[in-house]
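The sequence and the model are shown below.

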Amino acid sequence: MQQDARKAAVDAYKEQKTLAGIYAVRCPAMGACWVGRAPNVMTIQNQLWFALKLGSSPYRALQAAWTAQGPEGLYFEVLEKIAAEELQPFRDQALKARQQVWCERLGAVAL
């Protein structure tokens with residue numbers, strides 16, 4: 001029975017729609033905000049937090065904020081979700097443009 005449940009979970013995962021989008025990481029204590037783009041905003045926080053925990057984030061200022069404030073001092077939020085079908089065929093350019101809009105709106109640094 002466990003094998004059936006596992007197979008059902010795997011099938012459900014494979015059928016999930018991915019949502020591209022724009023996200024923000026905020027550090028209120030430092031007054032800092034970073035805005036990034038991702039082909040799947042539903043999984044990007046885990047990727048970011050994993051790299052930050054290991055101390056291997058390519059974003060030095062974000063890593064410094066994590067080191068100084070810890071995980072409790074950073075907040076992740078999805079700013080905009082975009083269905084993958086809406087972005088074809090110029091997904092990267094569209095995400096980059098939306099990221100720039102949000103950076104300007106929030107006075108944030110691009111990731």
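W49 has a relative accessible area of 13%, and is therefore buried, since buried means under 20% relative accessible area. The model in which this value was computed is a predicted one. W66, at a relative accessible area of 9%, is likewise buried.

The model contains three aromatic pairs. In one of them, the ring centres of Y23 and F76 are 5.4 Å apart and the planes meet at 25°, so this pair is stacked. In another pair, the ring centres of W49 and W66 lie 5.5 Å apart with planes at 75°, so the arrangement is edge-to-face. Because W49 is in helix α2 (residues 44-54) and W66 is in helix α3 (residues 60-69), this pair ties together parts that are 17 residues apart in sequence. The two pairs are set out here.

| Ring pair | Distance between centres | Angle between planes | Arrangement |
|---|---|---|---|
| Y23 and F76 | 5.4 Å | 25° | stacked |
| W49 and W66 | 5.5 Å | 75° | edge-to-face |

Through ring pairs, Y23, W49, W66 and F76 are linked into a cluster. A further aromatic residue, W102, has R105 over its face, at 4.4 Å from the ring centre.

The strands form the next topic. Four of them make up an open sheet with mixed pairing, in the order β3-β1-β2-β4. At its edges are β3 (75-83) and β4 (109-110), each of which pairs on one side only. Strands of a sheet pair through backbone hydrogen bonds, in either a parallel or an antiparallel sense. Strand β1 (residues 19-27) pairs with β3 in the antiparallel sense, over eight bridges. Y23 has V78 of β3 as its bridge partner.

Where does C33 lie? C33 is part of strand β2 (residues 32-38). Its relative accessibility is 12%, so C33 counts as buried. Leaving aside residues up to four places away in sequence, C33 touches A24, V25, R26, L106, A108 and V109. Among these contacts, A24, V25 and R26 fall within the residue range of strand β1, while V109 falls within that of β4. C33 and A5, by comparison, are 28 residues apart in sequence and 41 Å apart in space, taken from C-alpha to C-alpha.

Key: Residues are numbered from 1 along each chain as its sequence is written. This is a predicted model: local features need pLDDT of at least 70, side-chain atom pairs count only at pLDDT 80 or more; totals for chains, interfaces and linings use all residues. Side-chain values use heavy atoms; hydrogens and water are left out. Two strands pair if DSSP finds at least two bridges between them. Helices (H or I, at least four residues) and strands (E, at least two) are DSSP runs, numbered from the N terminus. Rings of Phe, Tyr and Trp (its six-membered ring) pair if their centres lie within 6.5 Å; planes under 30 degrees apart count as stacked, over 60 as edge-to-face and the rest as tilted. Buried means under 20% relative accessible area, exposed over 50%, partly exposed in between (1.4 Å probe, protein chains only). A charge sits over a ring if NZ of Lys or CZ of Arg is within 6 Å of the ring centre and within 35 degrees of the ring normal. Contact means heavy atoms within 4.5 Å.
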